[in-house]
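Here are my notes on this one, in the order I'd go through them. Have a look at the fold first, then read on.

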Amino acid sequence: APAMPPLPAVLVNPGVPISTPDAFRARTGPFSDAADLADAYPDVAAVAAAVGAFGNDLTPAAIALAPVISDVLEALARSAEALVAGMSGSGATCFALYPDLAAARRAARTLARPDWWVQATTLNR
């Protein structure tokens, strides 16, 4: 795996379960080509650029199974200072990366919803 810096992030789960087998069954079309990863990423902005370029082939399928995931992704992408937003694995947890933990914490406060689990954190400490 490439060397990466600490990644200030917000994780959001909208409180809906997504079965990994169901997400793969709902997926259509070919898989993306294998990602061409760098040996190392110098900062969170470089990681965000790579994440944005790679995407997640299961996102459309997960949204078809749980449309609220689209709402979560849109809210994360619109949050102040978000560098990139995406879905983790087969869903339903989504994330956004931020330039620093203070920005992630501010975003987490604005993203709070009664049915959503929202957590600011640093990934890859």
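Which residues of helix 2 are buried?

1. They are V44, V47, A48 and A50, where buried means under 20% relative accessible area and exposed over 50% (1.4 Å probe, protein chains only). Before going on: this is a predicted model, with local features needing pLDDT of at least 70 and side-chain atom pairs counted only at pLDDT 80 or more, while totals for chains, interfaces and linings use all residues. Numbering starts from 1 along each chain as its sequence is written, and side-chain values use heavy atoms, leaving out hydrogens and water.

2. Those buried residues line one face of helix 2, because they fall within an arc of 165° seen down its axis (the arc is that of the directions from the helix axis to the C-beta atoms). On the face turned away sit the exposed A49, G52 and A53.

3. Strand 1, strand 2 and strand 3 are among what covers the buried side; contact here is heavy atoms within 4.5 Å. Helix 2 (residues 44-54) runs at about 140° to strand 3, with axes fitted to C-alpha atoms, for helices over the stretch in contact, and angles going from 0 to 180 degrees between N-to-C directions. Helices (H or I, at least four residues) and strands (E, at least two) are DSSP runs numbered from the N terminus.

4. The sheet is open, four strands in the order 2-3-1-4, paired antiparallel; pairing takes at least two DSSP bridges. Its edges are strand 2 (84-87) and strand 4 (117-123).

5. Strand 2 and strand 3 (residues 94-97) share four bridges, and A85 has A96 as its bridge partner.
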